[in-house]
Amino acid sequence: MAGQKAKAATAYKAAWDYFTAGRQLLPGDCWQSQYELTLKLYEAAVETAYLNGDFESMEKLVQIVIEKARAILDKIRVYEIKSEALVAQDKFVEAMNNGLQILKFLGVQFPQEPSQDDIILAIQETQLAYQKKSIAELINLPLMSDPIQLAILRILLSIATAAYMAFPKLHTLLICKQMTLSIQYGNAPASTYGYACYGLILCAIVGEIEVGYQFGQLALDLL
């Protein structure tokens, strides 16, 4: 609790010290006897190491969580933070590889080098997903609750900047995937980015300016 309060106050060094003290007080079999607390402490430590710019410590903690966590969903948060940290260091290729690795575990794969046909198909599939709804109605979709789909959406968001900077064709596929997930499973905080970027794709690539504007407005309305 002290660590979370310090982090919320942007006192990241103090937060790191609290989370470190918490980890040091855990018993030797903590990953068995106090799993939930241990996982939360390590996730928090990974995040504050990143926020402090201590990428070496962050990476060590990430590897521990990857090795010790019982389920793939328990590893999502540290993969997400690692991608964000790599982007912060302008390591876009590494960030993409990190994100694509965990997406593969979650059953989502993308072509390594998307062709123009891949992009056209992704846009067409996305258009089909919402063709029976008005764009304004998408704001009324239920909240996304499926933990797997939420995890996929978060990872897609964490590597979106890396894709935009280093793999623009793949970025389009990531956005289309975000769109179809939101339409099929419901809206989530990350949906806002997907709707906004999809609007940009419609304007810049497809040439549907008015429809693109409507998706941009939808993203604003969801904020």
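Colleague: Does Lys 82 count as buried or exposed, and why?

Modeller: Please keep in mind that this is a predicted model, in which local features need pLDDT of at least 70 and side-chain atom pairs count only at pLDDT 80 or more, while totals for chains, interfaces and linings use all residues. Residues are numbered from 1 along each chain as its sequence is written, and side-chain values use heavy atoms, with hydrogens and water left out. Lys 82 counts as buried because its relative accessibility is 15%, where buried means under 20% relative accessible area, exposed over 50% and partly exposed in between, with a 1.4 Å probe and protein chains only. Lys 82 lies in helix α6, residues 76–88, a helix being a DSSP run of H or I with at least four residues, numbered from the N terminus. Leaving aside residues up to four places away in sequence, Lys 82 touches Met 58, Glu 59, Val 62, Gln 63 and Asn 98, a contact meaning heavy atoms within 4.5 Å.

The helix that holds Lys 82 also has a partner, since the axes of α4 and α6 come within 10 Å and cross at roughly 5°, the axes being lines fitted to C-alpha atoms over the stretch in contact, with angles from 0 to 180 degrees between N-to-C directions. That angle makes α4 roughly parallel to α6, a label for angles under 35 degrees. On the α4 side the contact is made by Glu 43, Val 46, Glu 47 and Tyr 50, and on the α6 side by Arg 77, Val 78, Ile 81, Glu 84, Ala 85 and Ala 88.

Key. Helices (H or I, at least four residues) and strands (E, at least two) are DSSP runs, numbered from the N terminus. Angles under 35 degrees count as roughly parallel, over 145 as roughly antiparallel, 65 to 115 as roughly perpendicular and the rest as oblique.
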